[in-house]
Amino acid sequence: MNEENIENNQEEVVDPVRLVKKVRKSRKVRSGRRKQSVFRKTFRFFMTFFLLFALIYISKMPQWYLPQNAYEKPNKHIIIENNNILKTERIFAFLKLHKVPQKPIYMMRTDDLEKDIRKLKPIKEVYIRRYAFPARLHIIVKERTPVITIAHDEKGVIVGAFAEDGVFFGHEYMPINTKVKTIKVLAKYGGETSYTKWNLAKVNEIQRIAEAIEINAKEPIEYMDMRNPNDVYVKIKSAKIRIGKIDGTVYDRLQRIPSILPQIKLITPKILYLDISWEKVNYLKLK
């Protein structure tokens, strides 16, 4: 046997001690991997069970649900914002028409609530947002802007108002917030000249005339008396002005005010009203 064969036989000889150690080490590795696999599966099972239980528990928490009396009166669960004209109690009167749903706040539908609140005349638009912990509804309203208020006489209470889009809302929504600037108009109820028959064109016409008077008189209007549409009066601080019939010449007649008003202020106590109802002539009605 030559030297090359002897060397190959020596390489094939395995140390039994090292082999045993190697096998034991391999078994430990496999055993560790099995334990890790079992631990991961067990951990996943318990975590899945825990998360499912936690999800069910959280979904049943009372903070997700509105109280059954939430629509009865103002409370922390119903927040109403931007209602300067409409009283909060009036909105709750419409909420009472609905039953508080026995479902989590995130599953509630608010379409019917918005539709009913929008029926209120002063409301132009309404948005409802839902929040939890605690469960609550945030009702944000956009109101119509009143531009004309109606009374039956000089000392009478306000019985209604017209908005900028011509919509009329009656005494149930009165009084109007004093921060809102409006034109007070004395008008009749009933008959052919009733203010209930006014439309957007009429509202715009009154606004234009009132603006022209305030520009020419440089004073705010206290009220416009339109109880007789053919004989209209306007009261400003320094005088009462008869403008007569509102026709095509009314704006030309109103332009006479700046030249007359400074003169009549000197004798105001003796003047009943300034008459500019005539086409070319001005009159002073004395007491």
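Which residues does Asn-216 touch, not counting residues up to four places away in sequence? In this predicted model, Asn-216 touches Leu-254, Gln-255, Ile-257 and Pro-258.

## Asn-216 in helix α5

Asn-216 belongs to helix α5, which spans residues 200-217. Its relative accessibility is 16%, so Asn-216 counts as buried, the cut-off for that class being under 20%.

The side chain of Asn-216 also has a polar atom 2.7 Å from the backbone oxygen of Ala-212.

## The buried side of helix α7

Ile-257, one of the residues touched by Asn-216, lies in helix α7, formed by residues 257-264. Within α7, Ile-257, Ile-260, Leu-261 and Ile-264 are buried. These four residues cover an arc of only 105° around the axis, which puts them on the same side of α7. An α-helix has 3.6 residues a turn, so residues three or four places apart point the same way.

## The three-stranded sheet

Three strands form an open sheet in the order β1-β3-β2, and their pairing is mixed. From one strand to the next, the twist averages 20°.

Strand β3 comprises residues 136-143 and runs parallel to β1, to which it is joined by four bridges. Ile-78 stands opposite Leu-137 of β3. Helix α3 (residues 88-95) packs on the sheet and touches both β1 and β3. The direction of α3 makes about 130° with that of β1.

How values were computed:
Residues are numbered from 1 along each chain as its sequence is written. This is a predicted model: local features need pLDDT of at least 70, side-chain atom pairs count only at pLDDT 80 or more; totals for chains, interfaces and linings use all residues. Side-chain values use heavy atoms; hydrogens and water are left out. Buried means under 20% relative accessible area, exposed over 50%, partly exposed in between (1.4 Å probe, protein chains only). Helices (H or I, at least four residues) and strands (E, at least two) are DSSP runs, numbered from the N terminus. The arc is that of the directions from the helix axis to the C-beta atoms. A polar contact is a pair of N or O atoms within 3.5 Å; within protein, one must be able to donate a hydrogen and the other to accept it, and residues adjacent in sequence count only if both atoms are side-chain atoms. Contact means heavy atoms within 4.5 Å. Two strands pair if DSSP finds at least two bridges between them. Axes are lines fitted to C-alpha atoms, for helices over the stretch in contact, and angles run from 0 to 180 degrees between N-to-C directions.
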